Amino acid sequence: GEATVIKLEDEATLSSAGLIRAVDGASHFVLENFVVDGNKSNQTSGTNKYGFYCGESGDVSEYLILRNLHVKDCSGYGLDPHELTRYMLIEDCLVENNGDASNDFDGITTDYCEYSVIKNNIVKGNQRHGINIVTTSSNNVYIGNICEDNGDHGITINGSSDCVISNNVCIDNTQNGIYATSADDNNISDNYVSGNQQHGIKLYKSSYNVISNNKLKNNSQQT
């Protein structure tokens, strides 16, 4: 739980991405019940300061579980499962205050991930997007997440398809609550989207998506 903390030391240098890093096809593992603290207030330079990173081009990571993690204050991404990750579960995590002015990163990014479930997470106060679904991610389910007060979109679907985005709460984000760009064949349903500074739900260059039964309230519709 919160008593176990992995914290990046002051002015750290990381040669590869991730305070916690799983590569070379690492599979069949569970990370749960601890804090990852990126300590970004005591970092003045350097890259790779992500909370969690897995995947490298040419490798496949499968059957990962990330559960009940508190990932905070990383200069880079909070959670960044990467190409190619399959059959992953991220649930019950608090991912907050990641990214900074010089590293415009997200709370949770699923980058070329397939057949995975991201559910019941709180993703708030991150520099860019709350949840970023990107790089031909497909056949994933994003359900029951709260994406609040992030610097760009609450949830964004970018170049990804055949995903379900359902029963999420996207509130008080600086741009759109949910934004889809070059994203086809997704199902966006039963979400509560309120108080965002641009559109509640916005689609751009996206086709064959199902948008149903969402509740949109007090979004500005700014262009």
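The legends below describe close-up views of one predicted model. In this predicted model, local features need pLDDT of at least 70, side-chain atom pairs count only at pLDDT 80 or more, and totals for chains, interfaces and linings use all residues. Residues are numbered from 1 along each chain as its sequence is written, and side-chain values use heavy atoms, with hydrogens and water left out.

View 1. Helices (H or I, at least four residues) and strands (E, at least two) are DSSP runs, numbered from the N terminus. Two strands pair if DSSP finds at least two bridges between them. Strand S1 (residues 5-7) runs parallel to S3, with 3 bridges joining them. Here Ile 6 faces Val 36 of S3 as its opposite residue. S3 (residues 29-37) also pairs with S5 (residues 61-72), in the parallel sense and over 8 bridges. In that pairing, Asp 37 stands opposite Lys 72 of S5.

**View 2. Strand S5 pairs with S7 and with S8.** S7 (residues 85-91) pairs with S5 over 6 bridges, in the parallel sense. Leu 66 stands opposite Ile 90 of S7. S8 (residues 94-96) is joined to S5 by 3 bridges, and the two run parallel. Val 71 stands opposite Val 95 of S8. In a regular strand, side chains alternate between the two faces of the sheet.

View 3. A salt bridge is a side-chain nitrogen of Lys or Arg within 4 Å of a carboxyl oxygen of Asp or Glu. By this rule the count is 5 salt bridges. One of them joins Arg 67 and Glu 32, at 3.0 Å from N to O. The pair links distant parts of the chain: Arg 67 is in strand S5 and Glu 32 in strand S3, 35 residues apart. Buried means under 20% relative accessible area, exposed over 50%, and partly exposed in between (1.4 Å probe, protein chains only). Arg 67 is partly exposed at 25%. Glu 32 is partly exposed at 33%.

View 4. Glu 62 forms a salt bridge with Arg 86, their closest N and O atoms being 2.5 Å apart. Glu 62 lies in S5 and Arg 86 in S7, so the pair ties together parts 24 residues apart in sequence. Glu 62 is buried, with a relative accessible area of 19%. Arg 86 is partly exposed at 24%. Glu 91 forms a salt bridge with Lys 119, with 3.8 Å between the closest N and O atoms. This pair links distant parts of the chain, Glu 91 in strand S7 and Lys 119 in strand S11, 28 residues apart. Glu 91 is buried at 10% relative accessible area. Lys 119 is partly exposed at 28%. A network of salt bridges links Glu 32, Arg 67, Glu 91 and Lys 119.

**View 5. Ring pairs meet at Phe 105****.** Rings of Phe, Tyr and Trp (its six-membered ring) pair if their centres lie within 6.5 Å; planes under 30 degrees apart count as stacked, over 60 as edge-to-face and the rest as tilted. By this rule there are 6 aromatic pairs. The rings of Tyr 50 and Phe 105 have centres 5.7 Å apart and planes at 75°, so this pair is edge-to-face. Tyr 50 is in the loop between S3 and strand S4 (52-54), and Phe 105 in the loop between S8 and strand S9 (108-111), 55 residues apart. Tyr 50 is buried at 13% relative accessibility. Phe 105 is buried at 19%. Tyr 77 and Phe 105 form a stacked pair, 4.3 Å centre to centre with 25° between the planes. Tyr 77 is in the loop between S5 and strand S6 (79-81), 28 residues from Phe 105. Tyr 77 is buried too. Ring pairs link Tyr 50, Tyr 53, Tyr 77 and Phe 105 into a cluster.

**View 6. Cys 147 and Cys 163 are buried****.** A disulfide is a pair of cysteine sulfur atoms within 2.5 Å. The structure holds 0 disulfides. Cys 147 is in none; its nearest cysteine sulfur, that of Cys 170, is 4.8 Å away. Cys 147 has 0% relative accessibility. The sulfur of Cys 163 is 9.6 Å from the closest cysteine sulfur, in Cys 113, too far for a bond. Cys 163 has 1% relative accessibility.
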